[in-house]
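This report describes a single protein model. Please consult the sequence and the structure as displayed below.

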Amino acid sequence: MDLMQLTAVELGKKIKNKEVTVKECVEAALAQIDAVEGQIHSFVTIDREKALKKAEEVQAKIDAGELTGPLAGVPVAIKDNMCTEGLLTTCSSKILYNFVPTYTSEAVLNLERAGAVIIGKTNMDEFAMGSTTETSAFGVTKNPWNTAHVPGGSSGGSCTAVAAEEVPYALGSDTGGSIRQPSSFCGVVGIKPTYGTVSRYGLIAYGSSLDQIGPVAKDVTDCATILEAIASYDPKDSTSVQREDYDFTAALVDDVKGLRIGIPRDYFGEGLDEEVKTAVLAAAKALEEKGAIVEEFDLSLVEYAIPAYYVIASAEASSNLARFDGVKYGYRTEEYEGLHNMYKKSRSEGFGPEVKRRIMLGSFVLSSGYYDAYYLKALRTKALIKQAFDKAFEKYDVILGPAAPTTAPKLGDSLSDPIKMYLGDIYTISVNLAGLPGLSMPCGTDSKGLPIGVQMIGDCFKEKNIIRAAYAFEKTRTYQRPALAARKTCDQDTAASAGKGAE
């Protein structure tokens with residue numbers, strides 16, 4: 001059997017039982033990358049030599065009984081906005097094309113302590129600004145279900161790498177849906193934990209009050225296991241929260257009897273694709289048949305989420321990205337006259353159009369005369385959105401809805417209309433504004449064979465509720481592989497059925 005077909009936990013068990021070696025797993029990952037990477041471009045950097053060397057080190061620790069966790073020896077890919085010591089970290093931007101950090105982000109360190117082997121860094125929208133992984137300075141990533149379509153973003157590289165079976169799991173970051181939306185488009189599972197659960201130390205900031213690292217994997221068990229490994233209190237991160245309970249895998253029970261699930265009517269109105277609506281409501285029905293109590297309700301303020309989010313995120317981005325000036329590290333223009341000219345030319349040549357757009361928007365809403373009218377108003381709206389969710393969670397354990405209004409659009413469609421791209425985040429950004437946990441998982445495919453994702457939202461620090469609901473729903477269906485992943489190990493007939501009509 002091809003090792004990359006296995007989930008991370010399954011592969012970890014095989015390593016623990018000495019059925020396979022860590023080196024064999026890493027070699028299997030590299031072989032699959034060689035087979036499919038040319039078609040999808042999931043990675044910015046692949047470090048073969050370091051990965052194979054690390055495999056031997058991890059194997060020695062497993063043999064010595066030092067590493068006994070479920071992820072020991074399992075290969076992983078890291079989104080290219082998390083610092084990794086000695087390994088190129090670019091944020092998929094020209095301005096960081098040569099940046100090699102001298103330290104590793106806390107979430108990645110936690111994985112390494114668990115025995116993970118880093119294969120490389122995945123492609124993303126530049127500085128995590130985008131919803132399609134098309135704004136990367138190093139080329140677009142393509143959806144493994146159909147390479148004419150986008151994988152979503154900004155964690156498109158991580159989700160594609162998992163869906164195409166290049167790695168069993170990956171880390172992404174979620175500022176306004178950047179784990180959940182591409183997970184939906186690529187037919188995998190992704191979790192954005194409660195804000196403060198996973199340390200942001202070493203995550204190159206986009207919107208500091210919104211960013212959160214989370215796992216991407218083939219199933220809910222993997223995601224819960226990975227989240228358990230990366231979540232920790234970190235005094236180096238001022239927004240890190242000390243939690244009493246990190247036992248997320250305890251929620252992996254196939255029992256939703258009495259679980260109260262709310263479906264917001266506001267999420268099923270104009271703009272939602274009919275096939276997406278049908279699949280998401282079918283997921284709710286499946287949970288109801290298992291004993292969950294499902295009700296519709298009105299979640300107010302949904303229409304204000306996008307303007308509030310883009311004002312706040314752009315304001316924070318304009319501040320965070322001021323550090324990229326061509327002085328200490330990164331890209332510097334070759335010809336300039338004086339310091340100010342060097343700043344201007346380095347930044348104008350180093351940043352892409354979408355990043356410039358958000359920096360300008362952020363600088364505008366923070367400027368004198370507009371601060372009160374835009375930024376403060378957006379912060380007040382953010383507080384009202386949190387209150388609306390608080391009220392909903394007085395009655396419900398889980399809020400269920402779509403992860404995105406459509407399946408993956410074609411390459412090039414979104415970039416031509418940025419506002420349309422922004423509107424695609426309508427179901428995900430409220431979760432970041434309110435600091436809530438959210439999970440996206442596959443719930444079917446559309447008539448083109450593209451995956452549809454259902455989103456489950458929980459109250460703050462109640463990840464267990466959404467993991468429990470997702471695990472129970474997952475038990476009602478089987479995991480579907482894209483044809484591209486299946487080609488290496490299946491004949492054409494099997495591949496076609498695995499892709500379920502992928503174009």
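Predicted model: local features only at pLDDT ≥ 70, side-chain atom pairs only at ≥ 80, totals over all residues.

Residues are numbered from 1 along each chain as its sequence is written, and side-chain values use heavy atoms, with hydrogens and water left out.

**Overall architecture**

The protein chain contains 17 helices and 11 strands; these are DSSP runs numbered from the N terminus, with helices being H or I of at least four residues and strands E of at least two. Its radius of gyration is 21 Å, close to the 23 Å that the globule rule gives for 503 residues, so the chain is as compact as a globular protein of that length. The radius is taken over C-alpha atoms, and the rule is 2.2 Å times the number of residues to the power 0.38. Along the principal axes, the C-alpha atoms fill a box of roughly 60 × 55 × 45 Å.

Among contacts (heavy atoms within 4.5 Å) with a separation of 6 or more, 76% join residues 24 or more positions apart.

The protein chain exposes about 18900 Å², and carbon and sulfur atoms supply 51% of this area. Accessible areas come from the Shrake-Rupley method with a 1.4 Å probe.

**Cysteines**

A search of the whole structure finds zero disulfides, a disulfide being a pair of cysteine sulfur atoms within 2.5 Å. For Cys83, the nearest cysteine sulfur is that of Cys91, 7.8 Å away. Cys91 is likewise in no disulfide, its nearest cysteine sulfur being that of Cys83.

The following table lists relative accessibilities.

| Residue | Relative accessibility | Class |
|---|---|---|
| Cys83 | 2% | buried |
| Cys91 | 1% | buried |
| Ala28 | 12% | buried |

**Ala28**

Where in the fold does Ala28 lie? Ala28 belongs to helix H2, which covers residues 22-40. Apart from neighbours within four places in sequence, Ala28 is in contact with Leu3 and Met4. Ala28 and Arg357 are 329 residues apart in sequence, and their C-alpha atoms are 41 Å apart in space.

Definitions and conventions:
Buried < 20%, exposed > 50% of the residue type's maximum accessible area, 1.4 Å probe, protein only.
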